[in-house]
Amino acid sequence: MYLDYNATAPMRPEALKATYDALQAVGNASSIHHHGRDAASRVDLARRQLADLLKCSPGEIIFTSGATEANNLALQAAYVQRGLIITSAVEHPAVLETARALSGEASDALITLPVDSGGQIDTDGLMATVRQHGAVLVSIMLANNETGVITDLAPIVEAAHAVGALVHTDATQYVGRLPLDLAALDVDLLSLSAHKFGGPQGVGALFLRRGTPLPQRPLVFGGGHERGWRAGTLNVPGIAGLGAAAEAAHQQLDNEASRVTKLRDLLEEELLAQLPGIHINGARVPRLPGVSSITFPGAPADAVLSSMPDVAASDGSACSAGAPSPSHVLLAMGLSREAADSTIRFSLGYATTEQEMRRAIDATVRAVTHVQALMDATANP
C-alpha cells in the first residue's frame, strides 16, 4: 500500500506516455532543424499545460531540475539587494538553509517565525513583524510537506507588498492537489516539483511574475536557456512529463481532492477509534486532502514502519531521510523529541483506493499494538 505521495507520487499514465514519447524522439530544443523544433514544441506545450494549472502566463514559467533548485534560484535572485528575510520555522530545508546562507552572520538579516501547536504561522504577528522591521523578501510555504497544514498567504502578500518586499512561496505539495489561481494570489515567485503531482522526478519549475523587479541572477551560467535564468540543454522528456501530469491533475482536480479527503478521514477515524491516545497533528486547521501526520505514543516510528513492511509511509520528510535529529517541523509545533520520533506521515493521492486504505489501517493497528507491547515489556520486565 503506497502511502508516501508527499515523498513522490506514482507517475500518472499521461505523464509516462508523454515522457516515453519524448525519450523516443531526438532533438535539442534549441536547434532550428525539424528535430529541434519538435523538441521545442513539446516544451512549449508543457509550459502551456502548467500555466493552465497555475492560471498564469506561460512566459512566467522557468523550468528547473525541481523545487529545491527553484527555491535556491528564487531566494538568491530576490535577495540581491540584501536586507531582511522573513520565513518560518517549518519551511523545507531548501528554503531554510538557503535563507541562512544568504543572510550569513548578520543577526538582523533573517527572522524565522514560530508556529502554533497546529503548525500555523501567526499571520497577525507576521504582518506586524513586516511593518515593524520591513523586509526585502518574505518566503512562506503554501502547504507543509510533513503535516499538510495550509497557510493563508493573501494577507501576508498584502502586508509584504505594502513595505516593498517580494513574496516567494514553496508550493511543492500544494500544486496539483488543490486549485491554485496565480491571477488572484499575488505572490512574486513560486516553486514546484513535477513528481509531487504525478510527473517524473528531476524536473520542476519556478514561477516568476512578469514585471517583478528582479535582476537576472542564474545559479547556472551558460547558453542563456530559459530566457537567461537557467542555462543548460532542456530536459525535454522530463518537461513533457511534467506538462502532461499538470494537465491530468488540472482536469481531475476537484474529484481527486474530494475523494482523497474522504480516504484520509477514513484513515484517521479508524485509527483514532482503534488506537486510543494517538494524536493527529494539525487536525483542527486547513490541511491538504491526502496528508495525515499521526503521533503514536509509545511506538517509535521506525519500529512501527519495520513492523508493517507492506505499508509505504514515512517517519518524516524524505528529503531529510537519515537525519539524526527528529523533525524540525514537529518540534516547532511543540512536540517533544519522543513524540516527534513516534510520528508517521501517511500521504495519499490520485491512485489510492479504499481497499488499500482499509488494508493499511489494519496493518497499522497491528504494528502499533505490537510495538507498544514490546516497548512496555522492555520498560517493565
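## Helix α4 and its cover

The buried residues of α4 are covered by parts that include α3 (67-78), β2 (85-88), β3 (110-113), β4 (137-139), β5 (166-170) and α9 (328-332); contact here means heavy atoms within 4.5 Å. Helices (H or I, at least four residues) and strands (E, at least two) are DSSP runs, numbered from the N terminus. Helix α4 itself spans residues 93-103, and its buried residues are Ala94, Val95, Leu96, Thr98, Ala99 and Ser103. Buried means under 20% relative accessible area, exposed over 50%, and partly exposed in between (1.4 Å probe, protein chains only). Just after α4, Gly104 has a positive phi of about 60°.

The model is predicted: local features need pLDDT of at least 70 and side-chain atom pairs count only at pLDDT 80 or more, while totals for chains, interfaces and linings use all residues. Residues are numbered from 1 along each chain as its sequence is written, and side-chain values use heavy atoms, with hydrogens and water left out.

## Salt bridges

A salt bridge is a side-chain nitrogen of Lys or Arg within 4 Å of a carboxyl oxygen of Asp or Glu. By this rule there are 11 salt bridges. One of them joins the side chains of Arg47 and Glu226, at 2.9 Å from N to O. Arg47 lies in helix α2 (residues 34-54) and Glu226 in the loop between β7 (204-208) and α7 (236-274), so the pair ties together parts that are 179 residues apart in sequence. Arg47 is buried, with a relative accessible area of 11%, and Glu226 is buried at 7%.

Glu268 and Arg287 form another salt bridge, with the closest N and O atoms 2.8 Å apart. This pair links distant parts of the chain: Glu268 is in helix α7, and Arg287, 19 residues away, is in the loop between β8 (279-281) and β9 (291-295). Glu268 is buried, with a relative accessible area of 6%, and Arg287 is buried at 11%. In the salt bridge of Arg264 with Asp265, the closest N and O atoms are 3.2 Å apart. Arg264 is buried at 9%, whereas Asp265 is partly exposed at 27%.

## A negative patch

On the surface, Asp302, Asp315, Glu338 and Asp341 gather in a patch of negative charge. Patches are made of residues with over 30% relative accessible area and no salt bridge, with like charges joined within 9 Å. Asp315 lies in the loop between α8 (301-307) and α9, and is partly exposed, with a relative accessible area of 46%.

Definitions and conventions:
Patch = residues over 30% accessible without salt bridge, like charges linked within 9 Å, V, L, I, M, F, W, Y side chains within 5 Å. Areas by Shrake-Rupley, 256 points an atom, 1.4 Å probe, with all protein chains shown as cover. Lys, Arg positive; Asp, Glu negative; His and termini not counted. Charge placed at Lys NZ, Arg CZ, Asp CG, Glu CD.
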